[in-house]
Amino acid sequence: MSYASEFCNYKPKEEAVILAIESSCDETAAAVVKGGRQILSNEIMSSVTEHIRFGGVVPEIASRAHTAAVSLVTDAALKSAGVTLADVDAVAVTYGAGLLGALLVGVSYAKALAFAANLPLVPVSHIRGHIAACYLGNPSLEPPFISLLASGGHTAVILVESYTSYRILGSTLDDAVGEAFDKVARVLGLDYPGGPNIEKLARLGSPSVPLPLMFKGEKTYDLSYSGLKTAVMNYRNKREMTGLPDDDADIACSFQQAAIGALVKRVEEAVDEFGILKVTAGGGVVANGYLREQLASACAKKSAQLFLPEKKLCTDNAAMIAAEGYIRYMNGEFAGLDLNACASVELR
Ligand code: KG4
Ligand code: ZN
């Protein structure tokens with residue numbers, strides 16, 4: 001009998017306590033969440049400072065850091081939630097998308113823990129985790145809604161039809177929006193991760209740099225960030241070569257406005273087209289204050305309700321993995337001990 005089938009007769013509990021583990025990139029995280037929405041603990045250890053001098057996450061360094069941190073973070077999550085493994089109903093773990101070596105640390109640890117405690121193992125897509133973050137702290141939120149996914153690896157506008165069925169309205173054809181923030185930050189000599197540093201610099205500038213409009217005049221939910229990034233690079237190089245003074249704050253402000261404007265416009269169009277007056281968002285870029293303001297005013301204009309996760313639930317964390325894990329747990333979607341890590345997973 002396979003490990004997953006041992007739990008085929010389980011009775012899902014509404015108030016199930018899920019212990020979740022996340023290790024897809026440079027954050028080792030563990031969280032305990034009750035009933036899919038109530039966070040009992042949310043612990044994170046990041047190796048970001050070890051990557052800064054390389055200008056991006058170094059997979060081997062991230063994997064080693066996860067190995068050192070995973071049991072400490074998990075113990076801390078149980079302790080600060082005031083529970084033991086005996087109170088836990090399932091172990092959820094991110095199996096993809098992300099850095100393979102990094103994911104394997106979390107997956108191996110979660111498998112061992114689930115097996116030792118005889119608990120079901122729930123495999124969770126990191127991308128779906130970002131989308132499910134909106135449920136945390138929002139007890140009344142239910143699908144259908146329009147969801148904006150804006151992270152370092154993915155960018156999409158999604159119609160969430162039910163807890164488990166998604167319709168991708170459009171997605172980026174090249175770079176993800178967070179990746180574009182990181183690349184533009186590097187051009188401007190700012191540290192990784194670039195998003196928060198661009199946001200800070202943008203506050204000192206004005207949106208005066210002319211940048212191309214994405215898919216001008218076309219009706220599409222798709223996005224493309226490579227042209228915007230190249231336009232920023234060309235503008236800055238030209239200015240440097242002609243000896244003009246640095247206007248990096250204006251570049252940051254103009255880029256931020258263009259990158260985020262394209263996202264908000266698509267959300268507005270989706271609200272109009274589908275007549276759904278509920279909007280959510282998730283992913284690291286949703287921690288951006290300008291994006292949050294722009295979404296809020298767009299939703300107010302359309303009389304749509306906006307449900308944003310707290311900023312610390314937008315960037316990588318395990319509470320969002322528990323939120324999505326709860327949905328999978330209620331559906332009885334359990335993994336065997338042969339669960340493997342996947343570098344990429346389908347958005348749907
Ligand atoms: O969701 P996330 O933590 O990891 C992925 O799953 O990719 O997203 C990380 C991305 C990075 O590209 C980072 O620069 C961006 O989110 N980010 C931001 C902000 N905070 C993080 N981008 C813009 N403004 C921010 N405040
Ligand atoms: Zn993420």
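How are the donor residues of the zinc ion, ligand 2, spaced in sequence? Hi everyone, let's start there. The spacing is H-x3-H-x185-D. Please keep in mind that this is a predicted model.

So, who are these donors? On the protein side they are His 126 and His 130, each through NE2, and Asp 316 through OD, at 2.0 to 2.1 Å from the zinc ion.

Now for the aromatic rings. The structure holds nine aromatic pairs. Take Tyr 10 and Tyr 329: this pair is edge-to-face, with 5.4 Å from centre to centre and 70° between the planes. Tyr 10 sits in the segment before strand 1 (17-22), while Tyr 329 is in helix 10 (residues 319-330), so the pair ties together parts that lie 319 residues apart in sequence.

Stay with Tyr 329 for a moment. Tyr 329 is buried, with a relative accessible area of 3%. Its ring also pairs with that of Phe 334: the centres are 6.3 Å apart and the planes are at 45°, so this pair is tilted. Phe 334 is buried as well. Ring pairs link these residues into a cluster of Tyr 3, Phe 7, Tyr 10, Phe 115, Tyr 329 and Phe 334.

One last stop: what sits over the ring of Tyr 166? The charged end of Arg 128 does, 3.8 Å from the ring centre.

Terms used: Residues numbered from 1 in each chain as written. Chains lettered and ligands numbered in written order. Predicted model: local features only at pLDDT ≥ 70, side-chain atom pairs only at ≥ 80, totals over all residues. Heavy atoms only, no water. Donors = N, O, S within 2.8 Å, 3.2 Å for Na, K, Ca; no water. Phe/Tyr/Trp six-rings, centres within 6.5 Å; stacked < 30°, edge-to-face > 60°. Helix = DSSP H or I, 4+ residues; strand = E, 2+ residues; numbered from the N terminus. Buried < 20%, exposed > 50% of the residue type's maximum accessible area, 1.4 Å probe, protein only. Lys NZ or Arg CZ within 6 Å of the ring centre and 35° of its normal.
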